[in-house]
Amino acid sequence: MATKKNKKNDFSRHSKQHQQYFNAKGVRLPGVTTLVGLIDKPFLAPAANRLGLQGIDSVKHWAELAIIGRCVHEMIFCNLANFKPDLSDYTARQIGQAKNAFGKFREWKNRHTIDAIMLEEPLVSEKFQFGGTMDIYAKVDRRYLDLIDAKSGSGIWPDMWLQMAGYSLLLEESGFRVDRRRILNVGRDETEDFAEEVRLGPPKPEEISALRHLRGLWADLASLRKEKD
């Protein structure tokens, strides 16, 4: 099995721009994150209402959290790839919160042996006609080939596992075995604790079916947008 490691400038391209995916015919494809994003998230409205009652603009608040998340991922990538991170694009507050999350990742890493094989690597599935960029594919504890996703948020939610199923399909189609799918929740502050969940084996048939349906829904919506234009 071939291994592949990124250079620092590759990561900058992935993290600071919206990654685009194309199939062998040059047709643009949706990413796994885009497909999973089509799923309704009923908890967002109450959360936005709570923020509004506190005088907080929910759109700006979540945009700030997304920036902090990118900073966390840059720290994690550079740690695994032995690069010094360039954090010049981030504010002191963003870096401070990112460091809290990164510290939780580093504590987890110190309990394991991690040999990174791919970091922030974009892949495309000709079979399923979508792409994706997983966080980490690595040999863990000199034994298991793990797909690892670090989430800088308040918990591990079901749609995250659907996203991981998509990444697993991408890896397997590219010839990379996946023994375990692992999600690490690395909270940004003391209110967001560390959590870890691991699933063994390939994606469930229901997960594959859900991704197929979402891919079809994405295509239908794209067609309707073209008709409107």
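Arg182 counts as buried, at 4% relative accessibility (buried is under 20% relative accessible area, exposed over 50%, partly exposed in between; 1.4 Å probe, protein chains only). Salt bridges that share partners join Arg182 with Asp146, Arg180 and Glu196 in one network (a salt bridge puts a side-chain nitrogen of Lys or Arg within 4 Å of a carboxyl oxygen of Asp or Glu). This is a predicted model: local features need pLDDT of at least 70, side-chain atom pairs count only at pLDDT 80 or more, and totals for chains, interfaces and linings use all residues. Residues are numbered from 1 along each chain as its sequence is written, and side-chain values use heavy atoms, leaving out hydrogens and water.

**Salt bridges**
- The whole structure holds eight salt bridges.
- Glu196 and Arg182 meet at 2.2 Å, N to O.
- This pair links strand β7 (residues 195-200) and strand β6 (residues 180-185), 14 residues apart (strands are DSSP runs of E, at least two residues; helices are runs of H or I, at least four; both are numbered from the N terminus).
- Glu196 is partly exposed, at 31% relative accessible area.
- Arg93 pairs with Glu64, with the closest N and O atoms 3.2 Å apart.
- Arg93 lies in helix α5 (residues 92-109) and Glu64 in helix α4 (residues 58-81), so the bridge ties together parts 29 residues apart in sequence.
- Lys151 and Asp149 pair at 2.7 Å between the closest N and O atoms, and both are buried.

- Glu120 has phi near 50°, lies in strand β3 (residues 114-125) and is buried at 10% relative accessibility.
- Arg142 has phi of about 60°.
- Arg142 sits in the loop between β4 (130-140) and β5 (144-151) and is exposed at 67%.
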